[in-house]
Structures are given as C-alpha cells and as structure tokens.
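Dear colleague,

Here is the structure I said I would pass on. My notes on it follow below.

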Amino acid sequence: MKRNPVKYNYTDTFRAALELAAEHAKELRCGEITNDLLLWGVLSEGTSAAIRFLMDRNISVKEVLREVDEHIQSDDKEDPAHVFYSIEAHSTLARAAQISTLLGAQAISALHLLYSLYFCSPPTLLTHYLVAHRINEHTDPQLHRVAMLLESSKTTAEESAPKLVEPKPSQPASDKPSAQAQAIVLSQDRVRRIPIRIDLAQMKAPGLGGDGELPPSDELLQALAESISTQVDRMLGKLPEGEEAPKDGSFPYADFGRRVTSTAPTTPEGKVDPMPYDDEARDLIQILSRESYPSVVLVHELHDSPEPIIKALVRHMNRRAELDAKGGSASVADKLSATPQGFRYQSVLELDPLRLASASQMMGGAEQYLQSLFERLKADPSVLLYIGDLSLLKPLGRTGGEVLEALFVGLAKRRMQCIAHATPATYSQSVERSEAASLSTAKYIIKPLEGEALRKAYERRRAFLADYHSVSYQTPYEELLALAQRYFPQEPALYALGEILDAAASETRRRLHRHFYGTTSGTRSKGTVSRDDLLQGLARRLNIPVEQIEDKTELQRLRELPAKLRSRIVGQDNAVAVVSRAVQRARLGLRDGQHPIASFLFLGPTGVGKTYLAKALAKEVFGSEEALVRIDMSEFAERHSVSRLIGPPPGYIGYGNGGELTEPVRTRPHRLVLLDEIEKAHPDIYNLLLQVLDDGRLTDSEGRTADFRNTIIIMTSNVGSREAKDFARSVGFSGLSNGQERSEGIVRKALERTFSPEFLGRLDGTVAFESLSDESLLQIVSLELKPIVERLAASGYGLTLTEEAKRFVGIDEAHRGLGARLVRRRLQQLVEDPCVEHILEEKLHAGETFAVSLGKDGELVYTIQPSRTADTPTRAKKSPATLKSKKS
C-alpha cells in the first residue's frame with residue numbers, strides 16, 4: 001500500500017544547488033550525482049546562507065571550489081540520458097532534511113545541505129578542509145549544535161559495522177538498489193557511525209534541457225522530497241525498521257497515530273462488568289449515529305480526563321464484534337454493552353498531534369497531512385478518528401484555529417466524523433469563535449462522577465495504584481472522600497482521590513526505601529500505607545504542615561491558639577478571643593462549607609496590632625507567615641484599578657498573568673488574605689468582595705475560578721478612629737458616661753457611612769482594637785528588645801535596660817496616637833543608635849555590656865559594664881552621651 005509521507009519544502013537556493021550539481025554532472029558525463037557534486041552545486045550557487053557560513057569563518061569559497069573541481073573525475077562515456085543520485089548523495093539529502101527538522105526550519109536550505117556534507121561518512125572533502133582549518137564541531141558553535149541535535153535525536157541506533165542489504169532475487173539490483181546509508185556524528189573522542197537501513201530508489205536528478213533553459217522540475221523535486229521524507233521518518237523513528245506495509249483492507253494506524261484498545265472487565269460469573277462511563281459511551285454512540293455526521297467535542301474540567309469514555313466506546317465496539325461473530329440473539333445486557341447493529345464505526349484511530357503540529361510548521365504542510373488522512377479514512381470508513389486534546393493543536397507560528405477549522409470542515413464535507421476533547425476555555429477559544437467549526441461539531445459536556453459510579457472508578461484507580469507502587473491501602477473510602485472534598489474542593493472527586501492515594505503510596509515507598517515501579521511480582525512483598533504516610537503525603541502534595549491535617553495535632557493546636565496569639569499580641573485580648581473562636585468553629589466543621597474559614601473587619605487606630613495579628617494568625621493556622629497575601633488597598637482608589645485584583649481584560653498590559661487577589665489563592669488556596677486599609681479602596685471593590693464573602697469563590701479575567709473556602713479574609717480600617725478621638729464628647733454622646741461606649745458609637749456610625757449593609761452583613765465579625773495602655777506599651781518594649789539583644793549577643797556585646805528606661809522609651813505622651821509603631825522608632829533612636837556610636841568610637845568592646853538607665857534629671861544614661869570574666873575589676877564608665885526626653 002502506498003505511503004503518504006509528509007512533504008518537505010525547500011528553498012530556492014537549495015533547488016538551484018541541486019540543478020547546478022545535476023548540470024555539472026552532465027557536463028562531466030557522470031551517470032550519478034555524488035557528494036562532491038552536491039558540494040560543487042552549493043558553492044557554485046554563491047548566494048545562500050551556506051556561503052555566508054564559510055565566509056564568516058574566513059574560508060575562501062573559490063579555493064574550496066577549485067579543490068572540488070580537481071577532486072571530481074569526469075567519465076569518457078557518452079552523455080547519460082538521465083542523471084541519478086548516488087546512495088551517498090541520497091543519504092546526504094535525507095540528513096539535510098533531518099537537520100532542517102531538528103533546527104525547526106520551515107524548509108530545507110543550502111546551509112542544511114552543507115551541514116549534512118560535513119557530517120558524512122566517510123568524510124567528504126568539505127570535512128577534511130574545515131578540520132584542517134581548525135573548524136569542527138568542538139570549536140564552532142553552529143556545528144556543535146547540529147552535532148548535539150543529531151546525537152540526541154531519535155536517529156540513535158545500536159552501533160554496528162555497515163552491512164549491505166542484499167537485493168531480492170526477483171528484483172535486479174540495477175533496477176532498485178538497496179543499501180545501508182550511514183550518518184556520522186562526531187563525538188568528543190571518536191567518530192561514531194549510526195547505521196540507517198533504507199531502501200533507496202534511484203532518483204532522476206533535475207537538469208537543464210537541450211536548449212539550455214531550466215525545464216519545470218517540480219515533479220522530480222517532489223518525488224525526491226517524498227523519498228527523503230520516507231528516510232527521515234525512519235531516522236526519526238516514525239517508521240520502525242523492518243515494519244511491513246499494511247495489507248490491503250487494513251488501516252495503517254502507525255502512519256497517523258495508534259489504534260485505541262480496551263478490554264471489557266468481566267465478573268467471576270463471566271458476565272460483562274458495567275463500567276462507570278458506559279452511559280457516556282452510549283451518548284456518544286447516539287451523537288455519532290446522527291444523519292448530519294457531526295464531530296463530537298467532549299468538554300471537561302482540567303483534571304477530568306475523557307480517556308475512559310473513549311475506552312468505554314471502544315469496548316462497546318469490540319463487544320459488537322464478538323456478538324456478530326457468535327450470531328444468534330443477544331440478551332438485553334449484551335445489547336446495552338455493545339454498539340447497535342449497523343453502527344458505522346468498528347475501531348478508533350488516535351491521531352498523533354505532534355505529527356500534525358510538525359506538519360503545520362511548513363507552508364501547506366498541515367493541509368497535505370490532513371488530505372492524506374482524509375483519503376485513508378474515506379477508504380476505510382469504519383475507522384473513527386480521535387484527535388485528543390485540542391490545546392495540543394496550537395503549534396508555534398500559526399494559530400490552532402486554522403488547523404482545527406480545516407480539520408472539522410474537511411471531515412464534515414466528506415461526511416466523516418471525529419472525537420476531540422477540550423476544557424471550557426480551550427473550547428471557547430478554538431471552536432466557538434469559529435463559525436464553521438461550531439456548525440460542524442456537537443458539544444458534549446462531561447459531568448464529574450458521583451455516587452456508585454464514582455466508587456467503581458475509585459476502586460479501579462486504587463487497584464491500579466496499589467499494583468503500580470506495590471502497596472496495600474487500609475484507609476476506608478469514606479474517609480478519603482472527606483479529605484478530597486476538604487483539600488481539593490475545586491477538583492473532580494476521582495482526580496482528588498487519585499492524588500491522595502498516589503501521594504500516600506509515594507510516601508510509603510520513600511519511608512521503606514523502595515523505589516521500584518510496575519506490576520508486582522510474586523516474590524515482592526507489599527508495603528502497607530499507614531495513616532501517617534497518608535497524612536504526610538497529602539501535606540507534601542498541598543505544601544502545608546502535616547499538623548494542619550492530623551486530627552489530634554489539629555485539636556491541640558486549636559486549644560493552644562488563643563494562648564499563642566496572646567503571647568505575640570499585647571493588649572488586645574478581646575480581638576484575640578473573637579478571632580480564635582471563629583477559627584476554632586470553622587476547623588471543627590461547624591461553619592458553612594461554601595464560605596471562607598473566617599472573614600473579619602479589624603477596626604482601630606494605627607499601631608495597635610491589626611496587621612500584626614493577621615501575620616501571627618497566618619503563622620499559627622497555616623504554618624508560615626509566607627501564607628499571608630497582603631494587598632494595600634490604597635493602590636486601588638481609582639475605578640480602573642479594580643481589574644488588577646482579578647486580572648486585566650484581553651488587550652491590556654498584564655493579561656494572562658492573573659490577578660493580584662485571585663492568582664495567589666488559585667495557585668495555593670490555603671492562605672490568609674489581608675486587605676489593608678480597605679476604606680481607601682474604590683467602592684466597586686466592595687461589590688467585588690461580596691461574592692468572595694458569600695460564595696467563597698471569585699472568577700478572574702480568564703474565566704478561571706479561585707477558591708476562597710480555605711482562606712481567612714481580614715480587612716483592616718481606620719474608619720471612625722480619628723472622629724472617636726476628636727469628637728467623643730461632642731453633642732449626641734454627652735449622655736453616655738463610658739468613654740468606650742462613646743467611641744464605639746462613633747465608629748459604628750462611620751462604618752455605616754462607608755460600607756453598605758450587605759457588605760457588613762456578610763462578615764463574620766467586626767473586631768474593634770483598643771488603644772494601647774501603658775502596661776501594654778511596656779510589654780511591647782520588652783518584646784521588641786529581645787531580637788535586638790539577640791543580634792548584639794551574636795556579635796559579642798550585651799545590652800540591658802532598666803524598668804525606668806523602658807518606660808521612658810515606650811511611653812511618649814506627645815506621640816501616643818502612633819501606638820506600637822513609635823516604640824520601634826524610639827528603640828532605634830534611643831538604644832540602637834547610641835550603641836552603634838559607642839562601638840564605632842571603640843568605647844564598647846566585645847564582652848562588655850551596654851547598659852541604659854534613666855538619670856535623676858530625666859535623661860537617659862549610657863554606661864559600659866565590663867565583662868564578669870575580666871582579670872581586674874573596673875568601675876562602670878558613665879558615657880557623656882545623654883538624651884533628654886524633650887529632645888526625643
């Protein structure tokens with residue numbers, strides 16, 4: 001049966017080089033074109049990239065051409081009627097086509113032919129000349145790249161000496177010579193020859209006519225391209241050596257992809273066991289049976305693979321073949337498990353998308369490939385085409401829509417069909433935007449498995465993974481399903497269950513130091529997946545601490561959460577209690593599963609610990625402060641800046657990079673989202689957040705959904721704080737005796753003016769932070785001093801502050817409204833800077849302690865205390881550097 005290889009395009013310089021070589025061979029009365037004549041044609045053409053390659057390396061083209069002329073020998077025979085390519089020249093041309101493919105070129109050029117001549121075996125005149133001028137694959141980057149591509153390509157075969165392929169007795173060798181060509185790859189230490197077994201047919205070379213004009217030689221060059229294509233396919237491994245041509249009446253699956261196979265499982269009684277996707281397979285059969293011959297596009301979620309549906313369809317086809325072979329009447333169960341009688345398809349061809357993508361790189365290549373595919377399908381209408389994922393048909397250099405439109409429309413015109421699958425986004429971009437493709441296809445939405453069908457599919461997946469990893473699972477299905485729904489809420493249940501089982505088995509294999517794969521042998525013992533392996537594997541898969549998953553550790557962490565937060569947050573016991581209770585309630589499963597874990601609005605003046613509590617909460621709940629996503633909402637004061645949260649629309653800068661809010665949560669859903677100074681954002685953002693607070697999800701500009709159900713959302717605001725401070729005793733509150741009540745009333749009114757009732761009603765709580773008391777400020781001074789003392793101790797210095805000095809540093813009535821932020825600044829000015837000054841002036845040495853105290857006149861006094869291990873006791877030296885509180 002005749003093959004339909006992919007045609008290779010060629011440049012004008014490549015064609016001119018072949019024609020010049022053929023004409024020169026006629027002038028020399030040579031019956032065949034050798035490698036030397038090919039080199040002569042490349043050099044004589046004189047305008048190609050091959051000439052520039054030589055000139056850039058200071059190689060004289062005239063000198064090489066003169067040596068080639070001296071090396072070529074002419075015959076005294078009569079003028080040959082036709083000139084043919086020699087076996088070596090044919091192999092050189094095939095290697096040039098292979099090099100053009102490896103380099104990603106759209107056509108074979110004279111430069112590719114020059115590369116091929118260099119890598120010939122035995123070495124050509126060009127090889128000897130370049131090596132003599134110290135130009136080889138080790139010194140020249142371009143030759144090195146080609147050598148590496150040839151060595152790493154699929155042309156690598158076992159090393160062996162060249163063997164001649166004897167011609168068949170019934171076929172004279174003069175009519176169709178058969179030989180073994182050789183490609184050469186120069187390695188670091190030796191020349192390695194790669195045998196390429198090919199059947200070479202004599203190809204007539206193009207040349208000048210009797211009147212000296214160039215006759216049309218497209219047919220000859222096209223025949224040469226087809227022959228080169230056949231050889232390159234073998235070199236690339238597309239046609240395995242020794243593969244026989246398909247017999248008449250059989251479909252050449254290997255030329256276009258592979259045949260999909262599937263076996264139907266049976267029960268112990270010998271009956272066909274129903275599969276989870278049998279209903280979907282029957283739906284496909286109904287669509288494929290329509291008179292309009294529509295192609296079917298299976299639309300599915302990202303991790304919900306439709307491959308089992310295709311295999312179920314194949315099983316129905318195989319079952320029909322078995323029933324037809326048995327004859328007689330079939331039972332109802334057999335009819336349900338087989339395609340109807342007279343169904344037009346009996347097998348499925350899965351198209352290799354890489355071949356079509358590679359063909360589409362060259363002008364007209366995809367059309368030629370599809371034309372040959374249509375001819376084969378039309379000759380064998382019982383074969384159903386299965387394209388696979390449409391996203392793979394988007395090669396570089398052209399849009400995938402052109403290829404898909406040509407494919408779907410071409411099938412529809414010939415009343416043929418195919419099956420493809422795509423995600424909703426890919427379907428919208430590739431099919432729905434093309435009117436012709438939409439009219440030629442039928443959309444079928446795949447729904448995730450549920451109930452008993454999900455359990456059956458899970459059992460098959462579990463058995464496969466147990467055999468693959470050589471382990472046994474003990475965790476019941478219900479517990480795994482609960483983990484899947486909790487930690488993979490957006491993914492299909494079957495995919496989530498498979499991920500949990502696979503991660504657990506991998507953890508077991510790592511623990512046991514067993515790294516074999518595949519079917520379990522009889523002598524190999526199985527490992528048992530423990531619960532610790534399950535939790536540890538799931539934690540690694542989610543990139544979260546294992547303590548966040550383990551039940552007992554989780555309960556302990558929840559009990560200790562308020563105490564840990566209070567140890568870091570000073571003076572805000574009420575806020576810590578409210579936040580801790582909300583997190584505990586959510587972790588114990590008492591919250592609505594469609595909402596975030598918790599959502600709060602933190603209110604209070606600056607410097608009271610609102611942001612610091614959010615950081616501490618991220619550390620205690622999600623294991624690291626890196627789980628905090630902090631967005632300064634003052635950057636979103638304009639209406640157009642709202643799109644930055646969900647991503648810019650198409651056509652704007654940044655499209656495709658995701659939103660500042662949606663992308664971090666979509667890629668890592670276990671996070672704490674901090675929206676700082678929410679009152680400064682544009683009011684449209686409040687409407688955007690309504691969906692997040694109510695449904696726990698948000699869709700970005702590309703149609704992808706970010707799941708917020710495993711996040712904690714905290715918004716901070718200073719709204720009402722200034723009014724509460726300035727007008728707490730104004731008219732309207734004079735009747736209130738408690739200052740705290742007056743402040744809360746002012747803040748409440750400010751909230752109602754700033755935020756809408758539906759926004760405030762969706763929050764889990766509004767937490768008011770109190771102003772810091774003197775005792776709280778002193779505790780903050782002690783907390784902030786600890787890292788300073790540790791850093792100085794690492795350098796060999798000590799630091800001490802008296803209680804009076806701490807009070808002086810922490811409490812500044814003139815700037816009390818700055819809260820804890822002032823403490824850090826005053827520590828830097830009053831403690832760190834004087835200490836640095838003493839070290840630079842060599843007043844403070846390693847081993848000594850820098851002591852800070854408060855003098856009788858209200859000024860800070862800095863003294864240097866010697867080391868206790870000093871040989872001679874020395875009195876403490878008072879430093880003249882002092883700082884009055886007024887100057888601070």
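Cys120 is buried, at 2% relative accessible area, and Cys418 is buried as well, at 0%. Please keep in mind that this is a predicted model. A search of the whole structure for disulfides returned zero.

In one, Arg630 pairs with Asp676, with 2.7 Å between the closest N and O atoms. This pair joins distant parts of the chain, since Arg630 sits in strand S14 (residues 628-632) and Asp676 in strand S15 (residues 672-676), 46 residues apart. Arg630 is partly exposed at 46% relative accessibility, whereas Asp676 is buried at 9%.

Arg644 and Glu635 form another salt bridge, with the closest N and O atoms 3.1 Å apart. Arg644 is partly exposed at 30%, and Glu635 is partly exposed at 44%.

Arg704 bridges to Glu702, again with 3.1 Å between the closest N and O atoms. Arg704 is partly exposed, at 25%, and Glu702 is likewise partly exposed, at 25%. Both belong to a network of salt bridges that also takes in Glu663, Arg666 and Asp700.

Finally, helix H25. Ten of the 13 residues are buried, so H25 is largely enclosed by the rest of the structure. Among the buried ones are Leu613, Leu617, Val621 and Phe622, along with the charged residues Lys610 and Glu620. After H25 comes Gly623, with a positive phi near 90°.

Regards

Technical notes
Residues numbered from 1 in each chain as written. Predicted model: local features only at pLDDT ≥ 70, side-chain atom pairs only at ≥ 80, totals over all residues. Heavy atoms only, no water. Buried < 20%, exposed > 50% of the residue type's maximum accessible area, 1.4 Å probe, protein only. Helix = DSSP H or I, 4+ residues; strand = E, 2+ residues; numbered from the N terminus. Disulfide = S-S within 2.5 Å. Salt bridge = Lys/Arg side-chain N within 4 Å of Asp/Glu carboxyl O.
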